[in-house]
Amino acid sequence: MRKPSIPKRPLELAFFVLARLVVAGAAALILVPLAFMLSASFMPASDIVSIPYRWIPDGLRWKNYLQALAGNDGSWLYARNVLNSLVVAGAVAATTVAISASVGYGFAKFRFRGRNLAFMAVMATMMIPFETVMVPLYLVVVRLGFQDSYLGLILPFMASAFGVFLMRQYLLGFPDDIVDAARIDGCSEWRIFRSIVLPSIGPASATLAVLAFRQQWDNLLWPLLVVQREEMKTIPAYIVKFAAEKSADEGAMMAVAVIASLPVFILFITLSKYFLGGSAVFAAGKE
Amino acid sequence: MKRASGMEGKRARWGWVFVAPGLLFFSLFSWYPIVNAFVTSFTNRKLISLKAPKFVGLQNYVRVLSSEDFWNSARATAVFAVGAFVPLLLLSLLFAALIVSLRGWKRPAQMALYSPAVLSSVVAALIWLVVFDPRGLANQGLNALFGTPGVDRRWLADATMAQVSTIVVYVWKYVGYFTILFVTGMGKIPDAVNEAALIDGAGPFRRFFSITLPLIRPTTVLVSVMILIQCMKTFSTQYLFVQSGAPTGPIEVMTLAIYNTAMRDLAIGRASAMSMLLFAVMLLLSWLQLRASRGGEDAL
């Protein structure tokens with residue numbers, strides 16, 4: 001793309017300047033609450049509500065982070081809850097990629113009777129909002145005895161219809177010749193999938209993994225239903241409880257927020273192209 | 001020939017092997033629960049009860065549709081969805097059009113606008129909970145802007161303001177996300193079209209309204225429906241605000257009402273009926289989305 005020169009027509013010049021000002025202003029405005037979170041996380045509560053607000057903390061008050069992790073009652077549950085979130089979101093990301101890749105491969109590269117019907121049946125589930133099935137799902141998990149367990153938290157999200165769609169689209173472009181050549185060489189179907197197909201779907205896997213991880217990192221509704229024991233809670237449920245406690249200190253609340261945001265921000269900065277890619281479009285359905 | 005068809009059969013079986021885990025999963029965790037929710041919505045099932053649920057016909061629906069609480073939730077959801085939809089759509093269109101015109105600095109601008117979307121909804125709500133403190137940043141900022149020192153706008157205490165507050169959090173969190181979708185859509189417009197218009201003397205507004213807007217129409221339709229559907233599922237912000245002391249009534253959106261009906265009132269049958277009604281509305285919107293996206297797939 002060639003570099004744009006500064007426009008000469010007055011209207012174009014005005015637009016050129018205005019566009020930059022508005023974007024810069026909007027970006028700044030959007031970043032203010034994030035900057036506030038970071039700055040307030042190092043302040044005593046009295047400074048956070050001081051008028052006017054002083055953005056630079058007097059010193060780095062790590063005590064807030066200690067209180068965030070230790071909790072108002074010194075139980076250190078938050079550390080455990082962060083770990084739970086990592087385990088659940090990580091496991092969901094892994095299984096979603098694995099199952100979606102397998103199913104997408106089956107739909108993309110094999111012909112069998114009932115294939116189109118099966119594919120439609122999977123795609124149609126994208127229309128079912130989680131909110132309408134959460135109660136029956138909860139009853140299933142109760143019946144299986146998976147309340148208060150990682151399995152209960154992970155099970156309903158192990159695969160995604162969007163993931164199947166993404167993998168199938170991606171694999172439709174995968175050359176048949178390579179698969180056929182491997183077959184002629186006597187490769188088993190399973191080995192073809194594991195050693196040839198799986199290693200070649202990197203970008204689609206990364207997109208899907210990032211999406212799945214973030215969705216579970218964000219998930220509040222489901223853990224509220226299936227988890228009662230404090231030590232099995234994930235971050236969002238912990239945050240609600242922490243913020244609602246009378247003794248909660250604003251500084252510690254912001255420290256809780258920073259800790260909860262760090263892993264996803266690290267993902268975002270290192271993998272920003274998978275966040276900003278257009279293929280994430282269809283996945284917006286799940287909150 | 002016989003051997004060839006045997007090979008075909010063997011390969012077809014492998015196709016089933018690869019899709020089987022998915023079919024099992026979606027039957028168990030999507031199809032079974034939706035059918036179950038539908039059936040349960042016609043019974044008097046309770047969460048904790050030894051009695052077998054009884055078929056009660058349309059009783060749940062009648063009771064739900066004639067209860068004030070349900071219509072309050074419907075109103076809360078509609079207010080929230082429309083209140084967030086308008087600014088989200090207009091702002092994301094505006095930001096996208098401006099970002100596309102930037103060329104340089106495109107990526108940092110997109111990352112800055114997108115960054116709140118990375119946060120958990122609960123974290124976003126938590127930050128704003130402190131910002132909305134009577135002595136917090138929100139009051140300070142507006143008071144500095146309007147020169148009204150000391151005014152408290154009661155962000156989380158007043159019924160109307162609590163609704164505004166949840167909308168502010170949501171717009172802040174998602175405007176960057178929808179901006180990216182529009183940037184993607186606008187990126188598909190060939191440079192040559194805009195250059196030709198420029199040479200013909202079309203100004204920036206003319207180019208936006210006569211070229212960009214008509215060409216991204218499928219994206220606009222798709223994004224509009226996505227915003228609406230997503231807004232109808234909002235839960236975390238309202239839940240956190242209510243738990244932290246905001247008035248429940250004004251912001252008890254449908255998802256929150258379903259959760260409360262199932263987990264607090266233990267009325268699974270009634271909660272299922274509410275779920276099915278929410279589902280019906282969303283299905284209608286999804287259907288519109290599907291129709292819209294038929295022309296829109298190339299646009300994204």
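In which helix of chain B is Ser165(B) found? Ser165(B) is found in helix H7 of chain B, residues 159–187. Helices are DSSP runs of H or I with at least four residues, numbered from the N terminus. The model is predicted: local features need pLDDT of at least 70, side-chain atom pairs count only at pLDDT 80 or more, and totals for chains, interfaces and linings use all residues. Residues are numbered from 1 along each chain as its sequence is written, and chains are lettered from A and ligands numbered from 1 in the order in which they are written.

Ser165(B) counts as buried because 26 C-beta neighbours lie inside 10 Å (buried: 20 or more other C-beta atoms within 10 Å, with C-beta atoms placed from the backbone). Leaving aside neighbours within four places in sequence, Ser165(B) contacts Trp128(B), Phe132(B), Trp155(B) and Leu156(B). Contact requires C-beta atoms, placed from the backbone, within 7 Å. Gly9(B) lies 156 residues away along the chain, with 60 Å between the two C-alpha atoms.

In chain A, helix H3 (residues 63–70) packs against helix H14 (residues 250–270) at about 75°, with axes 8 Å apart. Axes are lines fitted to C-alpha atoms over the stretch in contact, and angles run from 0 to 180 degrees between N-to-C directions. H3(A) and H14(A) are therefore roughly perpendicular (65 to 115 degrees). H3(A) contributes Asn64(A), Tyr65(A), Gln67(A) and Ala68(A); H14(A) contributes Gly251(A), Ala252(A), Ala255(A), Val256(A) and Ile259(A).

The contact between the chains takes 84 residues from chain B and 80 from chain A. On the chain B side, helix H1 (residues 2–40) supplies the largest share, 19 residues.

Methods. Helix = DSSP H or I, 4+ residues; strand = E, 2+ residues; numbered from the N terminus. Parallel < 35°, antiparallel > 145°, perpendicular 65-115°, else oblique. Contact = placed C-beta atoms within 7 Å. Buried ≥ 20, exposed ≤ 12 C-beta atoms within 10 Å, placed from the backbone.
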